[in-house]
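Hello,

Here is the structure you are taking over. Please look at it first, then read the notes below it.

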Amino acid sequence: MALRRIYLFSLALVWGCMASSSSSQQTAVAPPQDLQITDPGLLGSLDIEWKPPPNVQTFNECTVKYKFEYRNTGDREWKVIFTRKLKFRVGFDLSRTAEVKVQTLLEGRCTNDVEVQSEWIYATFQVPLQGKLESEVQNFHCIYHDWEYLKCTWQPGLLAPRGVHYGLYYCFPTAGVQVRGCTALYFESLVAGRGYEGLDHAVQCDDYIQDHGINIGCMLQNLSQAEYKDLSICVNGSAAATLLRPLYATLRLHNLAKPSPPKQLVVSMSASEELRVVWSPPGGETPPQCLEYEVQLAEEQGKAKAAWASVSTQMETAFTISRANQSRISCVRVRGRTNNFCADQGFWSEWTQECFSVSRTEDKQLFILIPVILSLSSSLIIFMLIGQCKKRTPAGKAMYMSVGC
């Protein structure tokens with residue numbers, strides 16, 4: 001009897017495993033199909049598209065989603081999107097290979113509410129890059145000044161010949177508007193010998209910075225529509241009989257913001273002899289609520305140069321220095337930058353232009369005491385001279401003779 005029970009229990013286990021395996025096979029899901037990457041010519045934004053797995057119609061009782069990941073070659077982490085869509089437009093650095101991968105996610109009654117994942121499918125994309133790497137412009141750098149204008153600068157590539165001509169082109173797609181490709185427009189304009197005037201959302205810089213007739217920078221105005229969006233930029237060069245490598249960059253303006261220095265810095269002494277430092281936000285279009293400030297104090301070092309020390313980083317436009325901590329303070333200065341509520345990073349402004357000296361109570365007392373000490377010293381010297389003259393005056397001489405001694 002015991003052997004029979006063991007036999008029946010073993011059969012039940014085997015049947016359960018086979019049923020579980022069969023159920024798992026029935027709920028297996030295939031990966032998406034026909035993953036493609038296309039370049040709409042937006043200087044960095046690529047269109048990623050795929051088709052559903054072939055057996056997706058059989059999963060009526062389950063939800064079908066996709067896990068989409070993308071990055072540039074060399075990046076350590078993938079950017080992840082969970083979606084039910086079949087098409088996305090995302091930004092890449094076109095100077096490097098774009099990598100994408102997608103898998104199917106299935107969950108619901110058909111899987112007993114357990115998420116089932118398919119295998120991954122992969123695709124890559126690389127813009128055909130002309131010219132050698134050393135021909136690409138060097139030290140490309142951009143700053144968004146006062147949230148008003150973008151200043152980008154660069155230096156000619158190491159292999160750039162004399163007479164090279166550089167052009168900066170930029171795009172920022174507008175939601176709901178079909179934008180012609182910036183890259184396509186760029187090459188069309190080169191062939192036709194024209195600029196970008198009159199072309200929607202595909203613009204060439206019209207305010208270049210030059211050095212000996214060579215474009216080494218660009219000033220871009222009226223970019224408020226591009227704030228908190230990807231601004232795609234290409235700096236390309238042309239020269240006779242020489243191919244130059246273009247530079248691609250994707251910028252976020254709010255992360256490149258640099259405000260002007262704070263204004264109207266005033267240092268005063270309160271009735272309780274505390275130092276009160278007050279300033280105003282800088283001018284321009286920088287949102288005041290997006291600023292934080294660093295306050296530095298200089299301490300006396302005798303004849304040596306004053307040593308600056310940071311004492312506060314804050315969003316308020318006032319700072320108080322207690323009486324106990326002001327004995328050695330000789331100067332105050334402030335600077336600002338975009339805070340982390342409005343940007344991931346940013347540039348510090350210059351320091352306030354002047355070093356606002358602090359007049360302390362001890363200095364005032366010393367200023368009053370010096371004339372008093374000088375007056376007393378002079379009186380003492382005069383009395384000593386008169387006493388010496390009296391000792392040297394012979395007996396019987398009139399007292400007025402002592403004046404001539």
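What percentage of the residues in the protein chain is made up of buried residues? Buried residues account for 37% of the 405 residues in the protein chain. Keep in mind that this is a predicted model.

The protein chain has 3 helices and 24 strands. If you take its contacts between residues at least 6 apart in sequence, 62% of them join residues at least 24 apart. The accessible surface of the protein chain is about 24600 Å², and carbon and sulfur atoms hold 54% of that surface.

One residue I looked at is Asp-47, which is part of strand 2 (residues 45-51). Is Asp-47 buried or exposed? Asp-47 counts as buried because its relative accessibility is 9%, and the cut-off for buried is under 20%. The side chain of Asp-47 makes a polar contact of 2.7 Å with the side chain of Arg-89. Leaving out residues up to four places away in sequence, Asp-47 touches Gln-36, Ile-37, Thr-38 and Pro-40, and also Lys-87, Phe-88 and Arg-89.

Strand 15 (residues 231-238) and strand 16 run antiparallel, with 5 bridges joining them. Ile-233 has Ala-249 in strand 16 as its bridge partner. How many of the residues of strand 16 (residues 247-251) are buried? The count is 4 of its 5 residues, so strand 16 is mostly covered.

Regards

Notes
Residues numbered from 1 in each chain as written. Predicted model: local features only at pLDDT ≥ 70, side-chain atom pairs only at ≥ 80, totals over all residues. Heavy atoms only, no water. Helix = DSSP H or I, 4+ residues; strand = E, 2+ residues; numbered from the N terminus. Buried < 20%, exposed > 50% of the residue type's maximum accessible area, 1.4 Å probe, protein only. Polar contact = N/O pair within 3.5 Å; in protein donor to acceptor, adjacent residues only side chain to side chain. Contact = heavy atoms within 4.5 Å. Pairing = 2+ DSSP bridges. Areas by Shrake-Rupley, 256 points an atom, 1.4 Å probe, with all protein chains shown as cover.
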